[in-house]
Amino acid sequence: MNTQFTLLIGIFTRPGNFDRRRFLRLVYGIQSTPIAHIDVLFIFCNIANTEQHTFVALEIMRFNDIIILNCSENMNSGKTYTYFSTLPQILVTHYDCHEG
């Protein structure tokens, strides 16, 4: 399939929100478009809880759609900045950007 552009959708979430990620994978999994290649990735910061660490590791092995940033889980203390400043270093896929 020859797509016209690529798109990354980064969804900020927390490690304990397993059910929400499962629901979003289901919703995005049934969507398709011939004009774009779309990747949906879940974004959160370092995991402190051992149980969550185990579940997230299993999710990564199964779905490979999680990015764990080197920051503390927060709402207003730099998570978004860490996300955007880290992306160019960690992504292997080139995504199109719109400048304008």
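Trainee: Does Arg21 count as buried or exposed, and at what relative accessibility?

Mentor: This is a predicted model, and accessibility is read from it against a cut-off, with under 20% relative accessible area taken as buried and over 50% as exposed. Arg21 comes out at 0% relative accessibility and therefore counts as buried.

Trainee: Which residue forms a salt bridge with Arg21?

Mentor: A salt bridge is read from the distance between a side-chain nitrogen of Lys or Arg and a carboxyl oxygen of Asp or Glu, which has to be within 4 Å. The partner of Arg21 is Glu59, and the closest N and O atoms of the two are 2.7 Å apart. This pair links distant parts of the chain, since Glu59 belongs to helix α2 (residues 50-63) and Arg21 to helix α1, 38 residues apart. Glu59 counts as buried because its relative accessibility is 8%.

Trainee: With which other residue does Glu59 form a salt bridge, and how far apart are the closest N and O atoms?

Mentor: Glu59 also forms a salt bridge with Arg25, where the closest N and O atoms are 2.9 Å apart. Here too the pair links distant parts of the chain, with Glu59 in helix α2 and Arg25 in helix α1, 34 residues apart. Both Glu59 and Arg25 are buried. Through shared partners, salt bridges join Arg21, Arg25, Glu59 and Asp65 into one network.

Trainee: How many salt bridges does a search of the whole structure find, and where in the chain do Asp19 and Arg22 lie?

Mentor: The search finds four salt bridges. One of them joins the side chains of Asp19 and Arg22, at 2.4 Å from N to O. Asp19 and Arg22 both lie in helix α1, and because they are three residues apart there, about one helical turn separates them. Asp19 counts as exposed because its relative accessibility is 52%, and Arg22 likewise counts as exposed, at 55%.

Trainee: In what order do the elements of the chain run?

Mentor: Reading from the N terminus on, one finds the order β-α-β-α-β-α, made up of three helices and three strands. The C-alpha atoms fill a box of roughly 45 × 30 × 20 Å along the principal axes, and buried residues make up 31% of the 100 residues. Sequence separation can be read from the contacts: among those between residues at least 6 apart in sequence, 71% join residues at least 24 apart.

Trainee: Which residues does Ile9 touch, leaving aside those up to four places away in sequence?

Mentor: Ile9, which lies in strand β1 (residues 5-12), touches Tyr28, Ile38, Asp39, Val40 and Leu41 on that count. The C-alpha atoms of Ile9 and Asp39 are separated by 6.2 Å, although the two residues are 30 apart along the chain. Ile9 itself counts as partly exposed, because its relative accessibility is 24%.

Trainee: Which residues form a nonpolar patch on the surface?

Mentor: The patch consists of Phe5, Leu7, Ile35 and Ile38, which together have about 300 Å² of accessible area. Ile35 is found in the loop between α1 (18-29) and β2 (36-45), and its relative accessible area of 39% is why it is described as partly exposed. For the chain as a whole, the accessible surface comes to about 7,400 Å², and 56% of that surface belongs to carbon and sulfur atoms.

Trainee: How far apart are the mean positions of the positive and negative charges of the chain?

Mentor: The mean positions of the 7 positive and 8 negative charges are 8 Å apart.

Conventions. Residues numbered from 1 in each chain as written. Predicted model: local features only at pLDDT ≥ 70, side-chain atom pairs only at ≥ 80, totals over all residues. Heavy atoms only, no water. Helix = DSSP H or I, 4+ residues; strand = E, 2+ residues; numbered from the N terminus. Buried < 20%, exposed > 50% of the residue type's maximum accessible area, 1.4 Å probe, protein only. Contact = heavy atoms within 4.5 Å. Areas by Shrake-Rupley, 256 points an atom, 1.4 Å probe, with all protein chains shown as cover. Lys, Arg positive; Asp, Glu negative; His and termini not counted. Charge placed at Lys NZ, Arg CZ, Asp CG, Glu CD. Patch = residues over 30% accessible without salt bridge, like charges linked within 9 Å, V, L, I, M, F, W, Y side chains within 5 Å.
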